[in-house]
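Trainee: Could we go through this structure together, beginning with the terms?
Mentor: Gladly, and the terms come with their cut-offs.

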Amino acid sequence: MKLVAHERKTEARDDYETPWYLVRDVERILSVKFDLDVCACDKNKKAPRFFSEEDEGLSRTWSCEVAWCNPPYKNWGDWARKA
């Protein structure tokens, strides 16, 4: 049974988006407004400006006031180090 759960996890999607209510809660708690989503697509962006997969946000300069980042789980550590 544990093996099956592990197999399911490795086949899971890597592009889940953060629900809007959580983004708004973070903005409210921190008294900020995100102006750049560094790891998004037009469908799931959480800020007016965003870097898509094609833009390679990990290699770009994040010049903004406050950035949002929900990175792909397969390399979240790279995104955390960049932040």
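Mentor: A nonpolar core is a set of buried Ala, Val, Leu, Ile, Met, Phe, Trp, Tyr and Cys residues joined through side-chain atoms within 4.5 Å, where buried means under 20% relative accessible area, exposed over 50%, and partly exposed in between (1.4 Å probe, protein chains only). This is a predicted model, in which local features need pLDDT of at least 70, side-chain atom pairs count only at pLDDT 80 or more, and totals for chains, interfaces and linings use all residues. Residues are numbered from 1 along each chain as its sequence is written, and side-chain values use heavy atoms, with hydrogens and water left out.

Trainee: Which residues make up the largest nonpolar core?
Mentor: The largest one has 6 residues, namely Leu 36, Val 38, Cys 39, Phe 51, Trp 62 and Trp 79.

Trainee: And what does Val 38 touch?
Mentor: Setting aside residues up to four places away in sequence, Val 38 is in contact (heavy atoms within 4.5 Å) with Phe 51, Gly 57, Trp 62, Ala 67, Trp 68, Cys 69 and Trp 79.

Trainee: How many disulfides are there?
Mentor: Taking a disulfide as a pair of cysteine sulfur atoms within 2.5 Å, the count is 0. The closest cysteine sulfur to that of Cys 39 belongs to Cys 69, and at 5.3 Å it is too far for a bond.

Trainee: New topic: is Glu 27 buried or exposed?
Mentor: Glu 27 is buried, with a relative accessible area of 6%. Beyond its neighbours within four places in sequence, Glu 27 has contacts with Val 32, Lys 33 and Phe 34.
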